[in-house]
Amino acid sequence: MKWSVLSSNIPAWVLRRYEILWDAFGDKPFRFGDAARVLMERNKDAWEQVPVFLSELRKAGLLLVESDVQDAREKVYRLKSLKAESKESLGRDGIYALLKRAADLIRTRVDYKFILILLFLKRISDKWDAEFQEAYREALAQGLSEEEAKAEALREEFHLFNLPEEFRWESLRKDVSGLPERLSKGLKVIAELNPELKDVVDSVDFVQFAGNRENAEILRQLVELFSEKKLDHVSADVLGDAYEWILRYFAPTKAKEGEIYTPREVIKLLIEILDPKPLESVYDPACGSAGMLISAYKHVEEKFGKEEARKVFLFGQEVNQVILALAKMNMFIHDIHDAHLEFGDTLLYPKFKEADSLKQFDVVVANPPWNQDGYGEDVLKKGEFWKQRFSFGFVPNQSADWAWIQHMLASAKDDSGRVGVVIDNGCLFRGGKEKAVRSAILEKDWLECVILLPEKLFYNTGAPGVILIFRKNKPAERKGKILFINASKEFEQHPEVRKLNILGERNIARIVEAYKRFSDEEGFARVVSLDEVRSNDYNLNVTLYVMEEEEGEKIDIAREWKELKELEKEKQSIIEKLEQYVSEITRALGGQT
Amino acid sequence: MMFYKETEFKETPIGKIPKEWELTEIKKVCEFIRGTEPGSKSYNTEGIGYRFIRVSDLSKQILEQVFTSEDKNKLIFCNKEDILLALDGVPGVVNKGFEGAISSGIRIVKPKTLNIIKEFLFYILQHRIVQKVIENYTTGTTIKHASRAINFIKIPLPPLPEQQKIAEILSTVDEAIQKTNEVIAKTERLKKGLMQELLTRGIGHKEFKETPIGKIPKDWEVVRLGDKEIAEVIMGQSPPSNTYNDKGEGLPFLQGKLEFGEIYPSPVLYCSNPIKIAEQGDILISVRAPVGDVNIAPYRLCIGRGLAAIRFNSKNANSWFYFYYLQRVKNFLENLGKGSTFKAINKDDLTELKIPLPPLPEQERIVEILSTIDKKLEMERREKARLERIKQGLMDLLLTGKIRVKVD
């Protein structure tokens, strides 16, 4: 944040009032009365204090004073703008810089969810203020008095969320004492007043968090940090990216705790292949922080526009309450307001039903937990819809991979359903019960494509993952065939985390292209008949079918040979010189001079 | 005649040196400039800042090149001509040809008087005379330090023109060694190219076909390694460790690829109660990470869990041909291993492995070509070892003055 040199000498309490006035008037002229009203309402200043503040602002060079053209006794005030960055709307880089400072503040001492909730709270507070301002101005324009306009602007219908004043950001931050308690209480009250935020904002306990003095200090610093910037002018896009940025920044640490975050590039690849369209339904049975669903939305938005994007129906289920809360916040921050996110253990209790059976969707997409244990036959039978979902067979206790895949297949519409799953390599060729399920599903000819991903893409494992694409109703030219893509070399170095790889834009494009073409590409892709897969005993290991291009370049033997001959000639002349020395020395040793 | 045997010596604290030569403390004629330690926080491998040279770079352990973003005023720089001496970590390593900032474990050694030249200094530092002192004054267990040694190193000083000549001769050997390294590298590349060509396209074929293992000559077949007519796969098994011994009782024992050589392994242990046995001529392949390395069994030996033995049917398959071929599919095998927890491959992975089957005479011709180039590699490597021994011998004769160089 670059304040002008002026501001570094200005006391915080003056700056705060400046901000409030700037927010209300910008650089437009206003009168004493206006300023007083704003300061009294927004900052609870007393009437008598206002002239003092205005005077201080003028001394600090932030306030211009002129006489009213029509009445010389009246003064007209105007604020001078401080150097750019501080008050302009934040661009993407500005936000990332802000978040990086926040992240550095907390490092690993504090759970990153606190940043996310503070960000969210600041955002909705700012939005509330902006909504208020707009409604107020409109009411004034319609001829209401200031009092009436204010009352009007307070009404719920102008606001997305119902935020009582004492729990809006400005109020919360003004009084540093008791900040954790007031934050906690505030979040609870907000959740009560706004049912859609229940279990979302109140999922984190600030009181417990700030119980330790260090944390309380960090909390105070975080609040100050976010207060510097106005976030209402930031587009949902940028803010959404910011939210994702935080998730991604903390992914490596979170991975150690088992919180799985799917790299956004892998999601992008999957969504581009599945290509959701307007009026289609998209379902993620293990939605985590809703990355896949949001990506599906953005995909449609980019291709068809915002109006059409709102015609994509998003459904997700997540077993972790707190992560589900993050998912809901993620949706709000991206300005997506009609997603259906449910809580529960999908393998046992899938929440989306249609009459008495499982709801089916156009696009089913997920990165379920890999090799989950504890979902053997006994356990699955205790859940709902097991007959419908696990019709190809039950899975061993040690890995629920094929249970997830079956659930996803059962959740896909029979005529237009397509399924994309990110899963571990092993499920392609492990034997036993898994092989039985795999073979049965293969015989249905639903499997369209198997993609082997590079190593070190994921935060919690170095193992390569694979993508499986199923289509219940394959186009005629793809029936009886499966496309194998060996993308294990399609990666770039991760820009931030040294030990990780990332799917670059070109890599994604190449893979999507290969999928669309559905044809052979030596060393990269091969169309394999179902017969050949059968002859390999239903083993889907990609490397069995597509061998990567050879290591390094094609070596030109003739040229290498020529160069070798030259080197040998050079060596020969050196050796001759050496031999001369050595034979002379030997002779000298022999005693002659 | 350039050289003559010295006959007039004098005794000195470092042993006998020619009467004519001086003996001096190294500090009197050289300055030692120590590098700095900017701290690992400033290190990066993305090329930001200055190239940072550490002891491990000097001793040629191939590591990533490290850079430091430290302020240049806090760094000590060297150029390609400077002689670098490590006194920490691996004390005594001498090298030159680096350019960048040096770490605190390294010294730049520069002549500071007119009676010693850099080229001579470079070689005397490598000699036992200096190395022994460094060794004697090395302290520390985990990380070794030898800075004190500088105070105690004494070196002989031949007259300047003689220093020049000695340096000339020794650098000729260094050149020869360097050239041999280049020849070896080039030959290895040639071998790789020949393997690429011969093992996938054979000799003199005009027609090719697509197969699950790629494009191969039309009259080659594709078979599985475990096919009865091709080979038998024997998975290793580790006998109880109380049957291991180093006294030669029983059969030589190999647990994994640790003792593998370029072609043949050098077992260190024996096993008195072997369970799985490889016969002479069998191909040995490592089945646990790192997967896919191959050697040939030079005699009967016992194989442990980390290895498998592949016994080819000589009526159809030439072991040596597949010794070369299996080297090319190492990556493929490694990938197969990645699916499992221990990154190991199992018997099925081997028996199901699809391999090409050229006609036997062609296999043999390919082996002839490849083994010829292997022989050349072997020869060059031996020559390199010989040259290094010659260098040691020459250093010993010339730097101690046993053999003198005539100067006109």
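Which side chains meet in a salt bridge at 2.2 Å, N to O? They are those of E568(A) and K376(B), a salt bridge being a side-chain nitrogen of Lys or Arg within 4 Å of a carboxyl oxygen of Asp or Glu. This is a predicted model, in which local features need pLDDT of at least 70 and side-chain atom pairs count only at pLDDT 80 or more, while totals for chains, interfaces and linings use all residues. Residues are numbered from 1 along each chain as its sequence is written, chains are lettered from A and ligands numbered from 1 in the order in which they are written, and side-chain values use heavy atoms, with hydrogens and water left out.

The model scores ipTM 0.80 and pTM 0.62. For chain B the mean pLDDT (the predictor's confidence in each residue, from 0 to 100) is 91, and 98% of the residues of this chain reach 70 or more.

The interface may be taken next. Chain A brings 40 residues into contact with 49 residues of chain B, contact meaning heavy atoms within 4.5 Å. About 4,300 Å² is buried between the two chains, and carbon and sulfur atoms give 63% of that area; buried area is the accessible area (1.4 Å probe) that two parts lose on being put together, summed over both. In chain A, the residues that lose the most area to chain B are K571(A), Y581(A) and I585(A), together 14% of what that side buries.

The rule finds 7 salt bridges across this interface. Between the chains, 10 residue pairs are in polar contact, with both residues at pLDDT 80 or more; a polar contact is a pair of N or O atoms within 3.5 Å, where within protein one must be able to donate a hydrogen and the other to accept it, and residues adjacent in sequence count only if both atoms are side-chain atoms. On the side of chain A that touches chain B, at least two residues each come from α22 (530-535), α23 (542-545) and α24 (557-589). Helices (H or I, at least four residues) and strands (E, at least two) are DSSP runs, numbered from the N terminus. With 20 residues, α24(A) gives the most to that side.

Chain B also holds an open sheet of 5 strands with mixed pairing, in the order β19-β21-β20-β25-β22; two strands pair if DSSP finds at least two bridges between them. Because β19 (244-245) and β22 (277-278) of chain B stand at the edges with a single partner strand each, one side of each is left without a neighbour in the sheet. The strands β19(B) and β21(B) (residues 269-271) run antiparallel and are joined by 2 bridges, and Y244(B) stands opposite C271(B) in β21(B).
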